[in-house]
Amino acid sequence: MTSVVKVIIPAFNEQNGVGNVIRDIPKDIISEVIVVNNASTDETETVATEAGATVLKEDTKGYGRACLKGIEYVKSSVDKVDIIVFIDADYSDYPEEMTELIKPIVEDKADLVIGSRALGNLERGAMTPQQLFGNWLATTLLKLFYGVKFTDLGPFRAIRYDTLMALEMQDKTYGWTVEMQLKAAKQHFKCIEVPVAYRKRIGFSKISGTVKGTIMAGYKIIWTIFKYL
């Protein structure tokens, strides 16, 4: 039986990248691409619509908040959904790798699959030193406190829809990815990683591109890890 897969793309001022992301998604495995326009002031919404995506509006900034908006839309849909894929709008990930990302779930070998940049082909300069250190620290703490081994908090990920509902995701900002991973570990869902390639993003990063963004993201990730102990 063919799995029904929907993609959620949170997007804040990503007019230069979001169209490429949508166009590179393998359409033969996806039933719908959902872009959540997260308070963009550029042409993100127009570009995403023209590329064929369903576009939602979330006027309050926040990565997790945008993802939650996408989830609410899927929940309200009459369509049956088996798998949700999350991917960023900046074209740093390779959407064509989505087939390999969902494969372990389709084959009933996993509930959550993280696309690991650490295990894959990471383009030089695609991640800042502070991102690399933050990933190492966060995944080390996850192993220490939750007994689960990850190498990355990568945004490119696939999750079984029923699993996603069971996690009852809450975070509205930078703690979204780590919340998903630690909750999945606590509830004993099967989590695996697959290697993914990662390139320099199109445009300027709102998080790693600023000192404030880096500090705030790092603080929220660490805070989230300890919150659920």
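Trainee: To begin, how many salt bridges does the structure hold?

Mentor: The structure holds 14 salt bridges. Keep in mind that this is a predicted model.

Trainee: What makes Glu72 and Lys75 a salt bridge?

Mentor: Their side chains meet with N and O 3.5 Å apart. The cut-off is a Lys or Arg nitrogen within 4 Å of a carboxyl oxygen of Asp or Glu, so the pair qualifies.

Trainee: How are Glu72 and Lys75 placed in helix 3?

Mentor: They are 3 residues apart in that helix, which means about one helical turn separates them.

Trainee: Why is Glu72 called partly exposed?

Mentor: Its relative accessible area is 45%.

Trainee: What about the salt bridge of Asp108 with Arg160: how far apart are the closest N and O atoms?

Mentor: They are 3.2 Å apart. This pair links distant parts of the chain, 52 residues apart: Asp108 sits in the loop between helix 4 and strand 5, and Arg160 in strand 6. Asp108 has 61% relative accessibility and therefore counts as exposed.

Trainee: And what makes Lys220 and Asp171 a salt bridge?

Mentor: Their closest N and O atoms are 2.7 Å apart, and the limit is 4 Å. Lys220 belongs to helix 8 and Asp171 to the loop between helix 6 and helix 7, so the pair ties together parts that are 49 residues apart in sequence.

Trainee: Are Lys220 and Asp171 buried or exposed?

Mentor: Lys220 has 17% relative accessibility and counts as buried. Asp171 counts as buried as well, at 8%.

Trainee: Which residues are linked in a network of salt bridges?

Mentor: Lys6, Glu32 and Asp79 are linked that way.

Trainee: How does the reach of helix 5 compare with what is expected?

Mentor: Helix 5 has 18 residues and reaches 25 Å from its first C-alpha to its last, close to the 26 Å expected. Just after the helix, Gly147 takes a positive phi of about 70 degrees.

Trainee: Which residues form the nonpolar patch on the surface?

Mentor: Leu144, Phe145, Phe226 and Leu229 form the patch, with about 410 Å² of accessible area together. Phe145, which is in helix 5, counts as partly exposed at 35% relative accessibility. Patch residues need over 30%, so Phe145 passes that test.

Trainee: Last topic: what makes both faces of strand 4 count as covered?

Mentor: Ile83 and Val85 on one side and Ile84 and Phe86 on the other are all buried. In a regular strand, side chains alternate between the two faces of the sheet.

Trainee: Which strands pair with strand 4, and in what sense?

Mentor: Strand 1 pairs with strand 4 in the parallel sense over 4 bridges, and Val7 stands opposite Val85. Strand 6 pairs with strand 4 in the antiparallel sense, also over 4 bridges, and there Ile84 stands opposite Ile159.

Methods. Residues numbered from 1 in each chain as written. Predicted model: local features only at pLDDT ≥ 70, side-chain atom pairs only at ≥ 80, totals over all residues. Heavy atoms only, no water. Helix = DSSP H or I, 4+ residues; strand = E, 2+ residues; numbered from the N terminus. Expected span 1.5 Å × (residues − 1). Buried < 20%, exposed > 50% of the residue type's maximum accessible area, 1.4 Å probe, protein only. Pairing = 2+ DSSP bridges. Patch = residues over 30% accessible without salt bridge, like charges linked within 9 Å, V, L, I, M, F, W, Y side chains within 5 Å. Areas by Shrake-Rupley, 256 points an atom, 1.4 Å probe, with all protein chains shown as cover.
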